[in-house]
Amino acid sequence: MHARAVAATITVLLGATLLSPTPARATAAHTRPEVVAHRGASAYAPENTLPAVDRAAALGIPWVENDVQRTKDGVLVVVHDDSLRRTTDVEQVFPSRTPWKVKDFTAAEIARLDAGSWFGHAYVHTRVPTLAQYMRRVERNHQKLLLEIKNPELYPGIERQTLKLLGNEGWLDRRHLDGRLIVQSFSAGSLRIVHDLKPGVTTGFLGRPEPGDLHGYAGFADLINPSHGTLSAAYVSAVHAFTGPHGRRLRVFAWTVDDATRARTVAGYGADGIITNKPDVVRDALNRP
């Protein structure tokens, strides 16, 4: 009875040691996380628009994140929701077209919409960009892109189409693939398709798989990108223990962190990137000793 109790105590202590690495230790062995402007610098300009990309550039933030969906006539556009209602004036322009789904409108119809007035008067007449327009702005600004394939179940074949457009825009050459482009999705199936079609593309899974399942994701994903509220030093360490499809350690980009205290906490866990609506706030927090 006593021997069993001692053995149980040792097991518990070892488990606690393995599962609870300290944030300080993670920080000591880890470089400062990348700062990624969520939907552009979306606290300061309308999300997923060209002004939001430019605002991130003006703040000196190299990484921007966006969301890609597809119109009725097959054009890739940059918008987060599957409905146009929240971020455009679609209800006024097309009042009878409820529920105003992206997939039910042509690119020409979406180009008529105001995607900036909801945010502020300074952005009246801002438009929903096509992915091609967005890529050209990111390239002009010498930025890097974390591209999310949004709702792929609504758009069969969107992975191949997105890769084709990226190739046409010059983003699938070695210069871009080596550190300037990540494609992510909440859909593991969609990421597998991207990886199978273009193995050189760095991919990220949005979510928090159980540690015991990470080995499966390591076959097609280079990053595991969970919500910051689900993150811990132990989980980051578990992800870092795996090697991804390109022979590098899996990385973790956490979303969406907008305050300095939380940014420093997530950095202390050992996260490799922080996705934020306020990239200047997070950058400045990480720069402080």
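Guide: Contact here means heavy atoms within 4.5 Å. Helices (H or I, at least four residues) and strands (E, at least two) are DSSP runs, numbered from the N terminus. The model is predicted: local features need pLDDT of at least 70, side-chain atom pairs count only at pLDDT 80 or more, and totals for chains, interfaces and linings use all residues. Residues are numbered from 1 along each chain as its sequence is written, and side-chain values use heavy atoms, with hydrogens and water left out.

Visitor: How many helices and strands are in the chain?

Guide: The chain has 13 helices and 9 strands. Among contacts with a separation of 6 or more, 62% join residues 24 or more positions apart.

Visitor: Which residues of helix α9 are buried, and what do they pack against?

Guide: In α9 (residues 188–197), the buried residues are Ala188, Ser190, Leu191, Val194 and His195. Viewed down the helix axis, they fall within an arc of 160° and therefore line one face of α9; the arc is taken over the directions from the axis to the C-beta atoms. They pack against β4 (144–149), α7 (158–168), β5 (181–185), β6 and α10.

Visitor: Which residues touch the most other members of the largest nonpolar core?

Guide: A nonpolar core is a set of buried Ala, Val, Leu, Ile, Met, Phe, Trp, Tyr and Cys residues joined through side-chain atoms within 4.5 Å. The largest has 73 residues, of which Leu145, Leu166 and Leu231 touch the most other members. Another core, of 7 residues, lies apart from that one and includes Val36, Trp63, Ile182 and Leu223. Leucine 145 itself touches residues including Trp63, Tyr134, Trp171 and Ile182, with residues up to four places away in sequence not counted.

Visitor: How many aromatic pairs are there?

Guide: A pair of aromatic rings is described by the distance of the centres and the angle of the planes. Rings of Phe, Tyr and Trp (its six-membered ring) pair if their centres lie within 6.5 Å; planes under 30 degrees apart are stacked, over 60 edge-to-face, and the rest tilted. The count is 6 aromatic pairs. Phenylalanine 205 and tyrosine 217 form a tilted one, 4.7 Å centre to centre with 45° between the planes. Phenylalanine 205 belongs to strand β6 (residues 202–206) and tyrosine 217 to helix α10 (residues 214–217), so the pair ties together parts 12 residues apart in sequence. Both residues are buried. Elsewhere, ring pairs link Trp118, Phe119 and Tyr123 into a cluster.

Visitor: Where does serine 42 lie, and which residues does it touch?

Guide: Serine 42 is in the loop between β1 (34–37) and α3 (50–58). It counts as buried because its relative accessibility is 12%. Beyond residues up to four places away in sequence, serine 42 touches Glu47, Phe119 and Asn277.

Visitor: Which residues of α12 are buried, and what caps its N-terminal end?

Guide: Helix α12 (residues 260–269) is mostly covered, with 7 of its 10 residues buried: Ala260, Arg262, Ala263, Val266, Ala267, Gly268 and Tyr269. Aspartate 259 caps the N-terminal end, a side-chain oxygen lying 3.3 Å from the backbone nitrogen of threonine 261. Such a polar contact is a pair of N or O atoms within 3.5 Å; within protein, one must be able to donate a hydrogen and the other to accept it, and residues adjacent in sequence count only if both atoms are side-chain atoms. Just after α12, glycine 270 takes a positive phi of about 100°.

Notes. Buried means under 20% relative accessible area, exposed over 50%, partly exposed in between (1.4 Å probe, protein chains only).
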